[in-house]
Amino acid sequence: MKSTKFLFPLILLLSFFTSVARAQSLSEVINSKDAVLVDVRSEKEFDEGSVKGAINIPVDTIDKQVYQLKGKKVVVFCRSGKRAEKAYQILKKQGVNVYNGKTVDNVKMLQKSNIIQKVKFLKDKPSVFVIKSGSTAKQVAVALGKDAVLPNHTTSEPALLVVLRGKVKFIIAGEEILLNTYDTYHIPADIEHELVGLDKENLFTVTKSKDW
């Protein structure tokens, strides 16, 4: 019979390193010198403009390019986050050290500024920082302390919510959804929803665009 003497310490050790890796700030990963930023949109979309320093590997061909990315710290992203999630799952299954940067705007925002310095984690109300405001798109960062609430509201355009830190309870149409760090949610237009901060520090971005 094989000894299980070291089984539980090993499991705890693996769990510890997994937690540390997940807790690493996405902003730190994106801004690290050894990160490979991969735009998984089409070549045409990439040529129209992308993130500084990014390379282009369309999601439909990324399974054939895994050998280029093995052993590297990879961040994938696209326009709305859907193709990035597909690429993330493909690379993760192949053992690549991959992070989901979600969208072009999200990665650009994390490259340019440390939004942690722009917000406060208050217990009685949300703290909001406007990252981008234009005629076709708007992006804001929202910080919530523990039990702080972003009250019921609607968005006039479909929006993408990306959790950057902590975890929040997202309530929409009577359903409660738990969103953890790096989770995303596509918010439909004209549907009331609210959010509640569950950790001491909870930070997420909301991006809405008329093009979605």
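Which residues point one way from S3, and which the other way? In this predicted model, Lys-73, Val-75 and Phe-77 point to one side of S3, while Val-74, Val-76 and Cys-78 point to the other. All of these residues are buried.

## Strand S3

S3 spans residues 73-78 and is mostly covered, with six of its six residues buried. In a regular strand the side chains alternate between the two faces of the sheet.

## Strand pairing

S3 has a parallel pairing with strand S1 (residues 35-39) over five bridges. Leu-37 stands opposite Val-75 in S3.

S3 also pairs in the parallel sense with strand S4 (residues 97-103), here over six bridges. Val-76 stands opposite Asn-100 in S4. Between S3 and S4 the chain passes through helix H5 (residues 82-93), and this β-α-β crossover is right-handed.

## Nonpolar cores

The largest nonpolar core has 23 residues, of which Ile-30, Leu-37, Val-51, Phe-77, Leu-164 and Leu-203 touch the most other members. At least two residues of this core come from each of helix H2 (26-31), S1, S3, helix H6 (104-112), strand S6 (137-145) and strand S8 (159-165). H6 gives the largest share, four residues. The core lies between domain 1 (26-113) and domain 2 (117-209), because both give residues to it.

Leaving aside neighbours within four places in sequence, Leu-164 is in contact with Asn-106, Met-109, Leu-110, Ile-115, Thr-181, Leu-203, Phe-204 and Thr-205. A second, separate core of 17 residues includes Val-38, Cys-78, Tyr-88 and Val-96.

Technical notes: Residues are numbered from 1 along each chain as its sequence is written. This is a predicted model: local features need pLDDT of at least 70, side-chain atom pairs count only at pLDDT 80 or more; totals for chains, interfaces and linings use all residues. Side-chain values use heavy atoms; hydrogens and water are left out. Buried means under 20% relative accessible area, exposed over 50%, partly exposed in between (1.4 Å probe, protein chains only). Two strands pair if DSSP finds at least two bridges between them. A crossover is right-handed if, with the strands pointing away from the viewer, the path from the first strand over the helix to the second runs clockwise. A nonpolar core is a set of buried Ala, Val, Leu, Ile, Met, Phe, Trp, Tyr and Cys residues joined through side-chain atoms within 4.5 Å. Domain bounds come from an automatic or database domain assignment. Contact means heavy atoms within 4.5 Å.
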